[in-house]
Amino acid sequence: MRPALPVVDDWLRTLQRRLIISDLLALVWVVFGTQIAWFGFGNAQLSMQEDSRLSDVSYWVFSSLLVVLWLGALSWSDSRSVRVLGSGPTEYLRVVDASLRLFGAIAIVAFLMRIDLARGFLLISLPIGVLILLCVRWLWRQWLIMKRKSGEYSARVILVGSADSVAQIARELLRTPSAGYFVVGACVPSGKVADVVAGTNIPVMGNVNFVERAMEITGADTVAVTSTDELPPDKVKQISWNLQAGRQHLVLAPSIVDIAGPRLKTRPVAGLPLIHVETPRFSQGQRFAKRGFDILGSALFILLLSPVLLAVTVAVSWTSVGPLLYKQERIGLNGRPFKMLKFRSMRVGADKELKALLEAQGTSEKPLFKIKDDPRITPVGKFIRKYSLDELPQLFNVLGGSMSLVGPRPQIAAEVALYTEAARRRLLTRPGLTGLWQVSGRSSLDWEDAVRLDLYYVENWSLFGDLAILMKTARAVVAPGKSAH
């Protein structure tokens, strides 16, 4: 039984107050800490040029003003909006943007007013302040995600539309509780009370004319219209008119999934809210940025991880008979084969045993060939596979251009032969050392979920997304959990 939730305005105000307090404490610690480190505890003064119109001002006053302005900039940028809290990069981007704009404005004002600000003070407080703010927001996000998984601190949603569209949107929202939408009921044209939405345990509250009563019964504060095909022409307007202004909300949820925000543009035309979906494509600049990121990143990782590479080399060589590296033909960009490198984690001749093991497991017809409790793995191999150390030689694949740091994982030709037309879109980008599916469940995911995540990555690529996946990969390697084998 899920706990009764507070009215959305109440929990939101509580959360925003906590964010304001934590932001304030972080900024006071950073700004005054930087001042003390730079000037000591004395009463240092801002230097004024001879023709400046201002008299000397203490850095204690300036630091206090900077904290207030920085806190205000975070509020003006809407970095604490309910629409950005809990998921996605927008909250973090707004924190960074507000900070950069504030310090840019301070630099302009100082130039115009002929004030000599200590550059070191600003150059230290800005990056440290941004870093600490992002860490604080990340900690709050982890707390919020934990709460939302139990149904708290979320909008209570009634879904309205056809049975199929309601079921699709319900499954997507259940998949991502961090988004902050907790579905408490649905209204569909059939309206059979005591039914549930297909594939979920969400109750059907009645037909599309029962929305207001359903909200009252469930305590919902949000109506999400998933389709309008079977609604009377003015029903959506009527629903919006009956909502309490500022406390209840209407959301239109078209059945478009796995498309990132930057590709969606809303344009009102003749009273119609048309949604433009940009065609996924890589510009020359994006290709150059991704390849440049791969070259620099792989070279840096090889340098930093050279002691680990050496240690695994010694462990594999001394504990089992066979070659150090395992080279396997995989299918890469646009279906071209290449030799993928791995530290050998299995006994020699393991490939010949694969078919029989897959048939015994009953997964020989699945494109995602995984053997649970694989008897071919050596003791050292089990350790290096759990912590993904066997994949490290692929950094040389990345450096050479056959792979990327981030992308869909490469598969063998026999697996690619089983691809559907949709799955073949995985080959539109270089395969990756790590990928979205690896940081979203790894071996515990079925083939359909793995394809869905890879296609989302291919069609919505961004450099910021690659950085986020790499950071999640580092966390998954340190604490691999049960999904790694």
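Modeller: Gladly. Keep in mind that this is a predicted model. Take L112 to begin: its relative accessible area is 62%.

Colleague: What makes L112 exposed?

Modeller: Exposed means over 50% relative accessible area. L112 has 62%, so L112 is exposed. The residue lies in helix α3, which covers residues 90-112.

Colleague: Which residues make the nonpolar surface patch with L112?

Modeller: I108, V109, F111 and M113 make it together with L112. The patch has an area of about 540 Å².

Colleague: How many disulfides does the structure hold?

Modeller: The count is 0. A disulfide needs a pair of cysteine sulfur atoms within 2.5 Å.

Colleague: On to S125. How do you know that S125 is buried?

Modeller: The relative accessibility of S125 is 0%. The cut-off is under 20%, so S125 counts as buried. S125 belongs to helix α4, residues 119-149.

Colleague: What does the side chain of S125 reach?

Modeller: The backbone oxygen of L122, at 3.3 Å. A polar contact requires N or O atoms within 3.5 Å. Beyond four places in sequence, S125 is in contact with V30, T34, W70 and F103.

Colleague: What does F121 touch, setting aside residues up to four places away in sequence?

Modeller: The list includes V31, T34, W38, Y59 and L66. Contact means heavy atoms within 4.5 Å. F121 and T34 are 87 residues apart in sequence, with C-alpha atoms 6.5 Å apart in space.

Colleague: Let's turn to charge. Why is the R80 and D23 pair called a salt bridge?

Modeller: Side chains of opposite charge can pair when their charged atoms come close. The rule asks for a Lys or Arg side-chain nitrogen within 4 Å of an Asp or Glu carboxyl oxygen. In R80 and D23 the closest N and O atoms are 3.1 Å apart, so the pair is a salt bridge. The pair links distant parts of the chain: R80 is in the loop between α2 and α3, D23 is in helix α1, and they are 57 residues apart.

Colleague: Are R80 and D23 buried or exposed?

Modeller: R80 is buried, at 6% relative accessibility. D23 is buried too, with 0%.

Colleague: What makes K290 and D466 a salt bridge?

Modeller: Their N to O distance is 2.9 Å, against a limit of 4 Å, so the pair qualifies. K290 lies in helix α8 and D466 in helix α15, so the pair ties together parts 176 residues apart in sequence. K290 is buried at 6%, and D466 is buried at 0%.

Colleague: What about K342 and D390?

Modeller: Their side chains meet at 3.5 Å, N to O, in a salt bridge. K342 is in strand β11, D390 is in the loop between α11 and α12, and 48 residues separate the two. K342 and D390 are both buried.

Colleague: Last, the whole chain. What percentage of its residues is buried?

Modeller: Buried residues make up 45% of the 485. The chain has 15 helices and 13 strands. Its accessible surface comes to about 26,200 Å², with 62% belonging to carbon and sulfur atoms.

Definitions and conventions: Residues are numbered from 1 along each chain as its sequence is written. This is a predicted model: local features need pLDDT of at least 70, side-chain atom pairs count only at pLDDT 80 or more; totals for chains, interfaces and linings use all residues. Side-chain values use heavy atoms; hydrogens and water are left out. Helices (H or I, at least four residues) and strands (E, at least two) are DSSP runs, numbered from the N terminus. Buried means under 20% relative accessible area, exposed over 50%, partly exposed in between (1.4 Å probe, protein chains only). A polar contact is a pair of N or O atoms within 3.5 Å; within protein, one must be able to donate a hydrogen and the other to accept it, and residues adjacent in sequence count only if both atoms are side-chain atoms. Patches are made of residues with over 30% relative accessible area and no salt bridge: like charges are joined within 9 Å, nonpolar side chains (Val, Leu, Ile, Met, Phe, Trp, Tyr) within 5 Å. Accessible areas come from the Shrake-Rupley method with a 1.4 Å probe; for residues, only the protein chains shown count as cover.
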